[in-house]
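I opened the model to look up its sheet, a helix pair and a pocket. My notes follow.

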Amino acid sequence: MDEMSRDIMNPFPWYKRMRSENPVYYDPEYRLVNVFRYTDVKETLGNFNKFSSQFGKAFNPAGGPISESIINLDPPKHTKLRNIVSRAFTPRTIEKMAPQIREIAESLLNAKKGHEVDIIKEFTSPLPITVIATMLGIPLKDMDMFKKWSDTIVGGSETSFTNFPKTIEDMKGYFQKLMIEKEKNPDESLVYSVLNAEVDGEKLTMMESLGFFILLLVAGNETTTNLLSNALLTFSENPGTYEAMRDDSKLIPQALEEVLRYRSPVQSIYRVARDDTDLSGVPIRKGSIMVPWIGSANRDESIFEDADKFIIGRKENRHIAFGEGIHYCLGAPLARLEAKIAMEYMTENFGSYEILRNRKMIPQESTIVYGFKELWVKLN
Ligand code: HEM
C-alpha cells in the first residue's frame, strides 16, 4: 500500500487518489503492482498473453485441486476445461433452479418479520451455500457438514486456516465417494453432469472435477453473500430505493447491477506478468504480481458519470464486477438469479428494514472480497 492506508470499509477515496496520481503503482513493501484505472484493470484481467493466472502451488494454500481448477489456469488448458464445465453449468441448468432458490429463501426468512437478525448468518450466507449444495446433488443429511466445510474454506479465520488442509482432504474423500455413487445412479446433479460433460471426446479427470467443485464453493458463496449484504447497506443509505423496488420489482435487477459496480463484492484479483512488459507506459518486470483493483475500475470517473453516486437507473452500466475476458465469472447468471430472487422475496414480505447500527457491523478483513461478516438488521 502507500502512505494513505486503505480503509477496509471505504477504500474508495484511496482508489480515487491513486487513479489520479499513481494509476499503475509498484508497492515495494509487498512487491505488488497495483492497477487502478478502468482500462488498465480490464487489460490486466483480460490480456492473458501478458498476464497469467497461473501462480503455481506456492501462492495457493489449497494446492492440489484448486491449482488444477480453471481460475488458476491459462490457455490452452483453461480453454479446454472451461469448455467442458460450461457444458454442465448452462443457463438452462441455472434457470431451472429458480423455484428451489425461492423455497430456500422462504425457508430462511419465513417468520422473521419483526425480528432483529444477523442477516449474514440467517440469510445471505446460507442461501448461496444451500443453492450450490442442492445443485451439486449433496444429500440433505450431509448439508450441515457441507456448510462447515464451506465456512472453513472461505473463512479466513485462524481456526479455518488450521483446519484447511484437513477439510480439503475430507472433501476429496467425500466427493470421490459421491462421484462413484452418481456414476452408478445417474441423476440431474451438477456432480453427475460435470463428470460426464465432454468436448471432443475429452472429460475432466477426477482431480479436475474435484478442483471445480471446490472452486464453486470458494468463488461462489462468499461473493454472493457479499453482493446481498452490500445491497442491503447501500439501499438503506439511499432512501426510497427499497420502496421503489417494492412497488416495482422490475427495478430489482438494475439496482443489483448498480450495487455490483458501487460496492463490488470482489475488489481485487491477482495476475502475474509473463515477461517484461508495460502498462500505460509504466514498465513491468517479468514475474511481477499484478493487483488489478476491480473496486477502483468500477468507480473510474472517466467511464462512469457521478461514479461515487449510487444511481439505480444508471444507463450503460459497464461495470466489471464479474471480471473480464476468458475468466469472466462462470457463475454470474447464478449470482444474479439468487440475488434477484432474494430481493424479490424480501420486498414482497417485508415492508421495510433497518440496519441496526448500534449492533456490531463487522467488515470482512480482506483486500480481495468486500462485505460484512456480521450485519444486524430489523425486518419490518
Ligand atoms: C456476486 C457474486 C460473484 C462475483 C462478484 C464474482 C466475481 C468473479 C470474478 C471477478 C471472477 C474472475 C476471476 C479472474 O479473472 O481471475 C470470477 C470467476 C469465477 N467465478 Fe464468480 N463471482 C460471483 C459469483 C459466482 C458464483 C455464484 C459462482 C458459481 C457457483 C462463481 C464461479 C466462478 C468461477 C468458476 C470462476 C472462474 C472462471 C474462469 O476462470 O474461467 N462465481 N468470479
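**Notebook: sheet, helix pair, pocket**

Helices (H or I, at least four residues) and strands (E, at least two) are DSSP runs numbered from the N terminus; axes are lines fitted to C-alpha atoms, for helices over the stretch in contact, with angles from 0 to 180 degrees between N-to-C directions. Contact means heavy atoms within 4.5 Å.

The model is predicted, with pLDDT of at least 70 needed for local features and 80 or more for side-chain atom pairs, while totals for chains, interfaces and linings use all residues. Residues are numbered from 1 along each chain, and side-chain values use heavy atoms, without hydrogens and water.

I then traced the open sheet: five strands in the order S1-S2-S8-S5-S3, with mixed pairing (a pair needs at least two DSSP bridges). S1 (24-27) and S3 (51-52) are at the edges with a single partner strand each, so one side of each has no neighbour in the sheet. S3 pairs with S5 (residues 271-273) in the antiparallel sense over two bridges, and Ser 52 stands opposite Val 272 in S5.

Next I checked H8 (residues 126-136) and H12 (residues 206-237), whose axes come within 8 Å and cross at roughly 150°. Residues in the contact include Ile 129 and Ile 132 of H8 and Phe 213 and Gly 220 of H12.

Last, I noted that Lys 96, Asp 187 and Glu 188 are among the residues that line the second largest pocket (an open set of points on a 1 Å grid over the protein atoms alone where a 1.4 Å probe fits, with protein on both sides within 12 Å along at least five of seven lines; lining residues have an atom within 4 Å of a point).
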